[in-house]
Amino acid sequence: MHHVYKTHTTVQCQVPKINTDTLVSFYSVCDCAGKGLCYNSTGFQPPDYVCEQEELAFLRRREMLAAGEFLGAKNIWRCGFDDGMLISYHESMVRERISAFVRHWQPHVVITHFPYPNWDNPPTCNGNCTDVNKRWDDLGYHPDHKRVGMHVLNTCYGSGSAADNNKLFNGLFDAAGLRAWQAEELYFFAISASQPITHYISMDEDTIHTKSTALAKHHSQYPTPPEESVRWVGERIAEAVVERGGDDGHRKSSAGLFYEAYQAFF
């Protein structure tokens, strides 16, 4: 287990919430959002305002662009599948679309969601996390998040994956000249000790502020920067890293530490 920073082209495949400041490219699989609060230039709409899904989806797409721009992402693009319903799309459709972007951008590193439920991190800690700023929310399980992770894994794994196999989705080459591409590294987000943690990055207060400010660009979901939530999650991940013998095996306590962590698949 060791610290890691990447300088290669990075593609982060996930639903439209950017939570790292090391992106070159950001790729959103689901983006036609159906949840959140509508607002305009004068502020949030009143509670009785009927917010149409198309209006909210437009806001969420603009928020994704704003967050990416704030973090310095050079390329931000989306797949266009409906939020909350990725499970209903045929895998061949999703995998072909992901393959097209991977072949086009040719990333060295892909970061995505852990594709399985993490039962150690239920939304409200099984009732033990009553503070809305100190709970896992959908980090341990969200159907879109997990489905995205599985689709990306199935698209990018080695030994003949869809992105690295010219015999699959021939039209990508015939119509657009997109040849097979194999990413060098694939990572999953890691949040608990039950999940293998192979890499971790310490976060200082500046990093926490940056992450919180980027999240607040998704204004329909975060009216104010969620610094307390980011700090709480960072503390819990630090506990998991230390529990698994991380931090070079020297620390016995996670007090005062904030981490984000990853599991390397290859």
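Predicted model: local features only at pLDDT ≥ 70, side-chain atom pairs only at ≥ 80, totals over all residues.
Residues are numbered from 1 along each chain as its sequence is written, and side-chain values use heavy atoms, with hydrogens and water left out.

The chain contains six helices and 10 strands. Helices (H or I, at least four residues) and strands (E, at least two) are DSSP runs, numbered from the N terminus. Of the 266 residues in the chain, 47% are buried; buried denotes under 20% relative accessible area, exposed over 50%, and partly exposed the range in between (1.4 Å probe, protein chains only). Among contacts in the chain with a separation of 6 or more, 71% are made by residues 24 or more positions apart, a contact being heavy atoms within 4.5 Å.

Eight salt bridges were found in a search of the whole structure. The criterion is a side-chain nitrogen of Lys or Arg within 4 Å of a carboxyl oxygen of Asp or Glu.

Salt bridges link Glu-205, Glu-227 and Arg-231 in a network. In a further salt bridge, between Asp-137 and Arg-135, the closest N and O atoms are 3.0 Å apart. Asp-137 has a relative accessible area of 35% and is partly exposed; Arg-135, at 25%, is partly exposed.

Two packed helices are described by the angle between their axes and the distance between the axes. For helix 1 (residues 53-71) and helix 5 (residues 205-216), the angle is about 155 degrees and the axes are 8 Å apart. Axes are lines fitted to C-alpha atoms, for helices over the stretch in contact, and angles run from 0 to 180 degrees between N-to-C directions. Helix 1 and helix 5 are therefore roughly antiparallel, on a scale where angles under 35 degrees count as roughly parallel, over 145 as roughly antiparallel, 65 to 115 as roughly perpendicular and the rest as oblique. Ala-67, Phe-70 and Leu-71 of helix 1 make the contact with Thr-210, Thr-213 and Ala-214 of helix 5. By class, the residues of this contact are four nonpolar, two polar and no charged; Ala, Val, Leu, Ile, Met, Phe, Trp, Tyr, Cys and Pro count as nonpolar, Asp, Glu, Lys and Arg as charged, and the others, Gly among them, as polar.

The loop between helix 5 and helix 6 contains Pro-226, which is buried at 11% relative accessibility. Its neighbours within four places in sequence aside, Pro-226 is in contact with Ser-212, Leu-215 and Ala-216. Pro-226 and Ala-214 are 12 residues apart along the chain, and their C-alpha atoms are separated by 9.7 Å.

Rings of Phe, Tyr and Trp (its six-membered ring) pair if their centres lie within 6.5 Å; planes under 30 degrees apart count as stacked, over 60 as edge-to-face and the rest as tilted. This rule gives a count of 10 aromatic pairs. The rings of Trp-77 and Phe-101 have centres 5.4 Å apart and planes at 45 degrees, so this pair is tilted. The pair links distant parts of the chain, with Trp-77 in strand 6 (residues 75-82) and Phe-101 in helix 2, 24 residues apart. Trp-77 is buried, at 9% relative accessible area, while Phe-101 is partly exposed, at 22%. Elsewhere, ring pairs join Phe-114, Tyr-116, Phe-188, Phe-265 and Phe-266 into a cluster.

Positive phi values were examined in residues other than glycine. Gln-106 has phi near 50 degrees and lies in the loop between helix 2 and strand 7 (109-112). Gln-106 is partly exposed, with a relative accessible area of 36%. For Asn-126, phi is near 55 degrees. Asn-126 is located in the loop between strand 7 and helix 3 (143-156) and is exposed, at 65% relative accessible area.
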